[in-house]
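Here is a walk through a two-chain model, one chain at a time and then the contact between the chains. Keep the structure open as you read.

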Amino acid sequence: MATKETTVDASIEKGEALTAFVESMLEPYEPSPKATIQVDVAIDEVFSNIVQYSGAKSVTVVANLDEPTSMFSLTFVDGGKPYNPLENDDPDVSLPVEERQIGGLGIFLVKKTMDDVQYERKGDQNYFTIFKKIR
Amino acid sequence: MKIEQTRDNTTLTLALEGRLDTITAPELEQVVNASLDGLTALIFDFAKLEYVSSAGLRVLLSAQKKMNKQGKMEVKNVCAEIMEVLDITGFSDILTIV
């Protein structure tokens, strides 16, 4: 079991540092290119969501890889206001172009590409975790 | 992300390289908005694009809506990973993927 964590300022450009942090942690375990891309996209979606909506000043991510099962989990912890993006309805992805709304698409994408996603409010912090089998 | 622009009369091709995400999408939006005048065809070349997140989809949707009024928009060289994102989000029905 490998666990690592890092804390970054809650600002959009820090997403790049988070992606690099996760990629360098996973590299020795030879994740599939597809899983790597899906995790990268999920990081972008979840992190940008927190930055936009939570009002938190910083975000801590706890990355964990269960080696026997290759199950990777990444928990985003922030001290912002309570916010569970999983409560929102899924967007209608069949609407014609003129009626399309972009809101909610990011979290929808995360739900569809990750093996599991979970939200918890503990104390005064939000915990949002994505799970993905990396190969 | 790198954006390589090739203009041929009223056709503009934007070849994207790298990652189209929350950080880079505003850059693409600027290039698109600055170039739309008089354009009849907008072509996105995704050959060197690694991935697209929803921030990038937002820019593509807005470009598609604008080009619907003045010509056409096409997306070419879409890799399997990006195609999956377009399929899940229904964007493969909205965009013209060639």
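Start with the sheet of chain B. In E3(B), the partner that Gly18(B) bridges to is Leu49(B). The model is a predicted one: local features need pLDDT of at least 70, side-chain atom pairs count only at pLDDT 80 or more, and totals for chains, interfaces and linings use all residues. Residues are numbered from 1 along each chain as its sequence is written, while chains are lettered from A and ligands numbered from 1 in the order in which they are written.

Strand E2 (residues 11–20) and strand E3 (residues 41–52) of chain B run parallel and are joined by 9 bridges. Strands (E, at least two residues) and helices (H or I, at least four) are DSSP runs, numbered from the N terminus. Two strands pair if DSSP finds at least two bridges between them. The open sheet of chain B has 4 strands in the order E1-E2-E3-E4, with mixed pairing.

Now turn to the helices of chain B. Helix H1 (residues 25–35) and H2(B) pack at about 15 degrees, their axes 9 Å apart. Axes are lines fitted to C-alpha atoms, for helices over the stretch in contact, and angles run from 0 to 180 degrees between N-to-C directions. H1(B) and H2(B) are therefore roughly parallel, a term for angles under 35 degrees. The contact involves Ala25(B), Leu28(B), Glu29(B) and Val32(B) of H1(B), and Ala55(B), Gly56(B), Arg58(B), Val59(B) and Ala63(B) of H2(B). Residues are in contact if their C-beta atoms, placed from the backbone, lie within 7 Å.

H2(B) also faces the other chain. In total, 20 residues of chain B are in contact with 21 residues of chain A. On the side of chain B that touches chain A, E3, H2 and helix H3 (80–88) of chain B each give two or more residues. H2(B) gives the most, with 8 residues.

Chain A has its own open sheet. Its 5 strands follow the order E1-E2-E3-E5-E4, with antiparallel pairing. Strand E1 (2–9) and strand E4 (116–122) of chain A each have a single partner strand, so one side of each is left without a neighbour in the sheet. E1(A) pairs with strand E2 (residues 58–66) of chain A over 8 bridges, in the antiparallel sense. Within that pair, Thr6(A) has Val61(A) as its bridge partner in E2(A). Helix H2 (residues 33–53) of chain A packs on the sheet, touching E2, strand E3 (71–78) and strand E5 (125–133) of chain A.

Note on methods. Parallel < 35°, antiparallel > 145°, perpendicular 65-115°, else oblique. Contact = placed C-beta atoms within 7 Å.
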